[in-house]
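Let's take a friendly walk through one protein model. Have a look at the sequence and the 3D view, then read on.

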Amino acid sequence: MARQNPNIVVTGTPGVGKTTHAEQLARNLGFKHLSVNHIVKDEGFHEGKDEETGSWVVDEDKLLDYLEAADISSSGGNIIDWHACDLFPERWVDLVIVLRCDSTVLYDRLSARGYKGKKLDENMDSEIMQVLLDEARESYKEEIVVELRSDKNDDVDGNLERIEQWVEQWKKDNAA
Ligand code: DAT
C-alpha cells in the first residue's frame, strides 16, 4: 500500500542544524524523528569509535535491517536525521533536505561542541567542499534534493514553513 505521509531525510555536515530542524518538523507535522546517531548508539550498531576522529564506525547493514524492520517504506511520516544519506534506498525517500551553513558559523558551533583537531578539520572541509550535497545529488533524483541555509534562527522558521508546505502539497498529490 502507498504511504499516506512522505519520508524526509534531513542531512548535512555535523552542526548545520539537522537535529534542530528534525525535532521541530516532527513535532509540527506529527511525524517520527529518527535520529540515526541515537539509534546507532542505543542499539550498538557500531564497531567502536575511530581513534583519530572520535566518530562511530557504523555497522550499516545492522542499521538498515533495523530501519527496514521499522517499516519505513510503507508507514511514511518519518524524518530521518543523519550526516550521510547515500545508504537509504530511494524507494524510502520522498524529499532530501541538505542543510548548509556558513563556515565561520559552523566553526563556532563545532568548537562549542568540543570538536577539535582532525575531527574539526574534517567536518569543516566536508562543509566547504559540499560533500553531503554532492552525495545527496548522486544518490537521489535531482528534483527531490533541496539545499537550504541554516545560518540563523530565522532560517529555521523559513525552512520549516517551506517544508511543511511541501508536505501539504505531497499529501494532495498522493491522496488515494
Ligand atoms: P546537527 O544535528 O546538524 O549536528 P544541531 O541541530 O545539533 O546540528 O545544531 C548545532 C547547534 O547549532 C545547536 O546549538 C543549535 C545551533 N543551530 C542549528 N541551526 C541553527 C540556525 N539555523 N540558527 C542558529 N543556530 C542554529
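Strand E1 is covered on both faces: Ile8 and Val10 on one side, and Val9 and Thr11 on the other, are all buried. Buried here means that 20 or more other C-beta atoms, placed from the backbone, lie within 10 Å of a residue's own. Strands (E, at least two residues) and helices (H or I, at least four) are DSSP runs numbered from the N terminus. This is a predicted model, where local features need pLDDT of at least 70, side-chain atom pairs count only at pLDDT 80 or more, and totals for chains, interfaces and linings use all residues. Residues are numbered from 1 along each chain as its sequence is written.

**The partners of E1**
- E1 (residues 8–11) pairs in the parallel sense with E5 (residues 78–81) over three bridges; two strands pair if DSSP finds at least two bridges between them.
- Valine 10 has aspartate 81 in E5 as its bridge partner.
- E1 and E6 also run parallel, joined by four bridges, and threonine 11 is partnered by valine 98 in E6.

**The whole sheet**
- The five strands form an open sheet in the order E2-E5-E1-E6-E7, with parallel pairing.
- Strand E2 (32–35) and strand E7 (145–149) are the edges; each has a single partner strand, so one side of each lacks a neighbour in the sheet.

**Around the ligand**
- The ligand is surrounded by 15 residues, and the closest are Gly17, Lys18, Thr19, Thr20 and Ser150; a residue counts if its C-beta atom, placed from the backbone, lies within 6 Å.
- Helix H1 (18–29) and helix H8 (153–173) are the elements that each give two or more residues to this shell.

Terms used. Buried ≥ 20, exposed ≤ 12 C-beta atoms within 10 Å, placed from the backbone.
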